[in-house]
Structure formats: structure tokens, C-alpha cells
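This report walks through one protein model. Please keep the sequence and the 3D view open while reading.

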Amino acid sequence: MTDQAVRVERSGPVSTVFLHRPARRNAVDGPTAARLAAAFRAFDADPGAAVAVLHGGGGVFCSGADLTAMGTERGNRVAPDGDGPMGVSRLRLSKPVIGAVAGYAVAGGLELALWCDLRVADETAVFGVFCRRWGVPLIDGGTVRLPRLIGASRAMDMILTGRAVDAAEAGAIGLANRVVPAGQALVAAQELAAQLASFPQACLRSDRASALGQDGLDEPAALAAEFAHGQAALREEAGPGAARFASGAGRHGSFGPRGAGG
């Protein structure tokens, strides 16, 4: 690991974005937020990159915004338009991102984890609105995405109390999609990313876009949007996929090499 606050590695179609500010427990200041946003915009624009993983190095996912930078030239950007204080929180990418969470994902770090499509947490992971103690509000999507992920009642408990939620509870309430042994979050997230990258991508991305966009739509509008999103996949991928199935791929629910996408 270098001394860069944000670093990107590529392994085939999987991009891993590392957050590395060990002296600040991976807290994000203004320059770091800008680098995160730039890294994910570059990922989204790269035709060879299919899935990204976001990981905090040094055993901490992210401890939130860097409060020591407030009121200085390193302070986080706070404006109603453009990028959010944590950089990526207002971005709607066309491709999925998986959070690989070890250690604390709290305050703005929780909001970064919520921004990801999926969260793989190891047994050391701790989620929480720890900024409750300091009067720092959730303005990077926390009050929006958390209720949508885990329900209003559980989200209100976390938001009002600021209490710590460990990996086991996070898995039980749907905040974490996978819980893995300590030290395995990054590897497990990268393996999951490679699996997603192996599927037909037009279909995966159109289904993802429909699922993200349906919230707030009435059922007829959501169904119409789903149909519209699926047209590219029907044109480009459904025919070849059906032919693979007819030739014997994907039998008995197999997702193996012959059945990927079947």
C-alpha cells in the first residue's frame, strides 16, 4: 500500500478502489473526497471495467468525514449541487459497486457503505451513526438509503441512538449482504465482483437500473420503466443466452462456466 489516499487496482474486469489514510482512520477530507469521486467516474467510463470494490485499508473501512479538516482549506465540500461531502454519495453509476467492510464504517463511512450496491462485511465490521455525538448530520444519503435498505424502524433506531451495529446484526437486518471471517472481506468482495462481471452485462445493468429507479414510482410507471430498461438486453443478450440454455447450459440452476448467465 502506498501513501496515496485513494488508489485503484485492476484485475480483469474488477476495479478495487482503496481508501488509505491510516493516521485519520480513513476519514475523508475534501481532497480525498474529490479523489474518490474521480476514481469512480473513471471506473464508470472505462469499458473494460465491469464491477468495482471499495475497501478501506488498515482494518478500518472509513470513520467518516475528517472533522479536523472542518474550517480549513482541506474541508469537505458542502453545497446542494455537485458532489457530496464524501465525494461519491450523489453519483448514480451505471455499474455495481461492492463495499468490502472491515472495522469501522461509521458516520460518513456508513454513508459510503450504503452508497455501494452490496456490502461484504467481515466479523470485525462495525456500522453506526457515530456522528450523533458531535452534532454532525447525515448529508451523504444516510437518512435516505438506510431506511430503504433495512426499514424505517431499524434505521430510526440507528439514526437516533448512534449505537454500534456489529457484523452479525448487520447481516441479520440486511445491512450486510455477506458476513465472512475476519480478514476476508476484500477477497470475498473481489470474488463476488468477479462473479457479477462474468454475467451478461447489458442485462445485469438494466435490471440494476430498474431496481434503483423504481423507488417512488407507482406500479404502472415502474413496470413501464422496467420494460424500457430491458430492451437492450433483449436485443443483445437474451437470444444468445437462450441458445446456450437450449444447448444444455445452466441445468439444475448451475452457475458454473457453462451456465454463467444461463
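Phe40 and Trp115 are both buried, meaning under 20% relative accessible area, with exposed over 50% and partly exposed in between (1.4 Å probe, protein chains only). The model is predicted: local features need pLDDT of at least 70, side-chain atom pairs count only at pLDDT 80 or more, and totals for chains, interfaces and linings use all residues. Residues are numbered from 1 along each chain as its sequence is written, and side-chain values use heavy atoms, leaving out hydrogens and water.

A pair of aromatic rings is described by the distance of the centres and the angle of the planes. Rings of Phe, Tyr and Trp (its six-membered ring) pair if their centres lie within 6.5 Å; planes under 30 degrees apart count as stacked, over 60 as edge-to-face and the rest as tilted. That rule gives two aromatic pairs. One of them joins Phe40 and Trp115 edge-to-face, at 5.0 Å centre to centre and 80 degrees between the planes. Phe40 belongs to helix H1 and Trp115 to helix H2, so the pair ties together parts 75 residues apart in sequence. Helices (H or I, at least four residues) and strands (E, at least two) are DSSP runs, numbered from the N terminus.

## The nonpolar cores

A nonpolar core is a set of buried Ala, Val, Leu, Ile, Met, Phe, Trp, Tyr and Cys residues joined through side-chain atoms within 4.5 Å. The largest has 46 residues. Leu36, Phe40, Leu54, Val97, Phe127 and Leu175 touch the most other members. Elements that each supply at least two residues include strand E2 (14–19), strand E3 (51–56), helix H3 (142–150), helix H4 (152–161) and helix H5 (167–173). H1 gives the most, six residues.

Which residues does Phe40 contact, leaving aside its neighbours within four places in sequence? They are Val17, Ala52, Leu54, Val88, Leu91, Leu93, Val97 and Trp115, where contact means heavy atoms within 4.5 Å. A second, separate core has 17 residues, among them Val14, Val180, Ala185 and Phe199.

## The six-stranded sheet

Six strands form an open sheet with mixed pairing, in the order E1-E2-E3-E4-E6-E9. Two strands pair if DSSP finds at least two bridges between them. Strand E1 (6–11) and E9 stand at the edges with a single partner strand each, so one side of each has no neighbour in the sheet. From one strand to the next, the twist averages 20 degrees.

E4 pairs with E3 in the parallel sense over four bridges. His55 stands opposite Ala100 in E4. E4 also runs parallel to strand E6 (residues 118–122), joined by four bridges. There, Gly99 has Arg119 as its bridge partner in E6.

In a regular strand the side chains alternate between the two faces of the sheet. In E4, Val97, Gly99 and Val101 point one way, while Ile98 and Ala100 point the other way. Five of the five residues in E4 are buried.

E5 and strand E7 (residues 126–128) run parallel and share three bridges. Ala105 has Phe127 as its bridge partner in E7.

Axes are lines fitted to C-alpha atoms, for helices over the stretch in contact, and angles run from 0 to 180 degrees between N-to-C directions. Eight of the eight residues in H2 are buried. These include Glu111 as well as Leu110, Leu112 and Leu114.

## The loop at Ala182

Ala182 sits in the loop between strand E9 (178–180) and helix H6 (185–198). Its relative accessibility is 45%, so Ala182 counts as partly exposed. Leaving aside neighbours within four places in sequence, Ala182 is in contact with Asp122, Glu123 and Thr124. Ala102 is 80 residues away from Ala182 in sequence, yet 7.7 Å apart in space, C-alpha to C-alpha.

## Confidence

The average pLDDT (the predictor's confidence in each residue, from 0 to 100) is 93, and 94% of the residues score at least 70. Residues 258–262 have pLDDT below 50. Beyond near neighbours in sequence, that stretch has 13 contacts in the model.
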